[in-house]
Amino acid sequence: MTTTRRILLVNGPNLNLLGVREPAVYGTQTLADVEDLVTRTAAERGFEVRAVQSNHEGVLLDAVHAAREDCAGIVINPGGLTHTSVVLRDALSGVALPVAEIHISDIRTREPFRHHSYVADVAAVHVMGEGVEGYRTATRLLIDLLTGQAEG
């Protein structure tokens, strides 16, 4: 059980284009809509959210590292870094915070290069293929884990 009541929401490269980029795959909701959804969902359970999105891997690494100071867990959609970034995986592992991995689409049904996630083995929660609504699911499941309410 944690006393810190803040979650870091991380959105990786190209997620700033939500609502514009491939709406048939990612939908028409924007990154602002995602951040609002996660903030409202967390607030229902007494948690705050700090959100970061960047197209630069180092910025995301710095945010993950900083989270160990004042966050209880991380909800992350690594975007394309899911399939390429060992260093992002290592940063998530290194901060030793519970992680919820979220993907708007189901990466297992897309191009073969998208099937592997470097984040998967360090994430306690995995949500994919639920569209933007998956952020709500991931946030709730992470908070359940943090507050000891996860189903066993």
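Colleague: How much space lies in the largest cavity?

Modeller: This is a predicted model. Rolling a probe the size of a water molecule over the atoms shows where empty space is left. The count comes to one cavity of 30 Å³ or more. The space in the largest cavity is about 30 Å³.

Colleague: Which residues line the largest cavity?

Modeller: By class, the lining has four nonpolar, one polar and one charged residues. The lining residues are Asn14, Leu15, Leu17, Leu18, Arg21 and Tyr26.

Colleague: Where is Asn14 found, and is Asn14 buried, partly exposed or exposed?

Modeller: Asn14 is found in the loop between strand S1 (6-11) and helix H1 (23-26). Buried means under 20% relative accessible area and exposed over 50%. Asn14 has a relative accessibility of 35%, so Asn14 counts as partly exposed.

Colleague: What is the phi of Asn14?

Modeller: Most residues other than glycine have a negative phi. Asn14 is not a glycine, yet its phi is positive. The value is about 75°.

Colleague: In what order do the elements of the protein chain run from the N terminus?

Modeller: The secondary structure of the protein chain comes to five helices and five strands. From the N terminus on, the order is β-α-α-β-α-β-α-β-β-α.

Colleague: What is the radius of gyration of the protein chain, and what does the globule rule give?

Modeller: Along the principal axes, the C-alpha atoms fill a box of roughly 40 × 30 × 30 Å. For 152 residues, the protein chain is as compact as a globular protein of that length, because its radius of gyration is close to the value from the globule rule.

Colleague: What share of the contacts with a separation of 6 or more is between residues 24 or more positions apart?

Modeller: Of the 152 residues in the protein chain, 47% count as buried. The accessible surface comes to about 7200 Å², with 50% belonging to carbon and sulfur atoms. Among contacts with a separation of 6 or more, the share from residues 24 or more positions apart is 76%.

Methods: Residues are numbered from 1 along each chain as its sequence is written. This is a predicted model: local features need pLDDT of at least 70, side-chain atom pairs count only at pLDDT 80 or more; totals for chains, interfaces and linings use all residues. Side-chain values use heavy atoms; hydrogens and water are left out. On a 1 Å grid over the protein atoms alone, a cavity is a set of points where a 1.4 Å probe fits but cannot get out, and a pocket is an open set with protein on both sides within 12 Å along at least five of seven lines; lining residues have an atom within 4 Å of a point. Grid points are joined across faces, edges and corners, and a volume is the space filled by probe spheres set on the points. Ala, Val, Leu, Ile, Met, Phe, Trp, Tyr, Cys and Pro count as nonpolar, Asp, Glu, Lys and Arg as charged, and the others, Gly among them, as polar. Helices (H or I, at least four residues) and strands (E, at least two) are DSSP runs, numbered from the N terminus. The radius of gyration is taken over C-alpha atoms; the globule rule is 2.2 Å times the number of residues to the power 0.38. Buried means under 20% relative accessible area, exposed over 50%, partly exposed in between (1.4 Å probe, protein chains only). Contact means heavy atoms within 4.5 Å. Accessible areas come from the Shrake-Rupley method with a 1.4 Å probe; for residues, only the protein chains shown count as cover.
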